[in-house]
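Here's a quick tour of one model, written for someone who likes to see the cut-offs. Have the viewer open as you read.

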Amino acid sequence: MKISACYIVKNGAADLDRSINSLREFVDEIIVVDTGSTDETVEVAEKFGAKIFYDEWQDDFSKPRNIALENVTGDWIIFLDADEFFSAETAQNIRFVATRAEEFNQRGVLVYLVNIDVDAGNKILGTNYVLRIFKNLREMHYIGKIHEELRLGKKILSPVTVAPPNILTIYHTGYSASINKAKAERNLKMLLAELAETKEPQRIYGYLAECYDGLGDFSNAEKFARLEIKSGKKITRPYRIILKILSNESERLNERERFAIKAVKAFPDLPEFTAELAECYAAQKNFKKAVETMTQAIKKFQNYKGLEPTTFNAEIINFIENRVKIWSAEC
């Protein structure tokens, strides 16, 4: 099996160097599409023996991605952003994961991705699963100017399997505080351009909600988060955004409670939405119900096995256990 690693990049020399270093021993080919770098990005790619292609940046991430796909020769493809890299502990499993996916007739692999803020001592900002490894098939292409999606013909790629975090983990530094606002402003411009012309607006509602949230435009953030929920997508992102907004607007407490109940019904096994509902009861001075509901949230965390990553950890559990003690004293 031949494995190819692909990148599109512009002025990301240091990031690209780190990323290629994380996987170079485990791939057979490296493809880099440069979209107009003025730093040492091209020299970094050359150092690793990459096949380099050039494409003038046109506010469209799918275009250079598709150029990479047109020139790849591997049986399986790893497509990373330059600011993503495999953990040193799991990178050696790349070929194993692709081989197993091939053996079980899977077309793609969802990999555990950890967003870290390098400006805050590598603080973890969040985790999720992303499609970064997939079989090289005809009619494979990306769509969307930004937050692009891989399609096989007109369909979303399937079937796909999941690589557990202990087998493969990718770190992503692209949402560090020093670059987050600038990235949100850039992304918003591209998303609005796509919104004006796309036949699939539901594809980008959530991304618009995230951008507006990051820029502090909470009215539009809530608007597009609600549109994403209405579109029928079964993901937690819009619920998290709306609950965060409602929790900062005390006059909307009753609405916050109703929405928290809705979130719990949509994701009954996820602990954080149950904890949010408990906070609503506490804010209403219904401490007995708050204690009961938060205790449920703790149990859900202890038993959670869902694919959607939970934001709960031992530190948060310790914090909410102290909350339960305080509320219990008020009962």
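## A charged pocket lining

By class, the second largest pocket is lined by one nonpolar, four polar and five charged residues. (Nonpolar here is Ala, Val, Leu, Ile, Met, Phe, Trp, Tyr, Cys and Pro; charged is Asp, Glu, Lys and Arg; the others, Gly among them, are polar.) The lining consists of H141, I143, G144, R151, G153, K154, E194, T198, E200 and R203, and the space inside comes to about 150 Å³.

A pocket is an open set of points on a 1 Å grid over the protein atoms alone, where a 1.4 Å probe fits, with protein on both sides within 12 Å along at least five of seven lines; lining residues have an atom within 4 Å of a point. Points join across faces, edges and corners, and the volume is the space filled by probe spheres set on them.

## Ground rules

This is a predicted model, so local features need pLDDT of at least 70 and side-chain atom pairs count only at pLDDT 80 or more, while totals for chains, interfaces and linings use all residues. Numbering starts from 1 along each chain as its sequence is written, and side-chain values use heavy atoms, with hydrogens and water left out.

Strands β8, β9 and β10 form an open antiparallel sheet in the order β8-β9-β10. (Strands are DSSP E runs of at least two residues and helices H or I runs of at least four, numbered from the N terminus; two strands pair if DSSP finds at least two bridges between them.) β8 (140-143) and β10 (155-156) are at the edges with a single partner strand each, so one side of each has no neighbour in the sheet. Four bridges link β8 to β9 (residues 149-152), with M140 opposite L152.

β1 runs parallel to β2 (residues 29-34) over six bridges and parallel to β4 (residues 76-79) over four. A5 sits opposite I30 in β2 and opposite I78 in β4.
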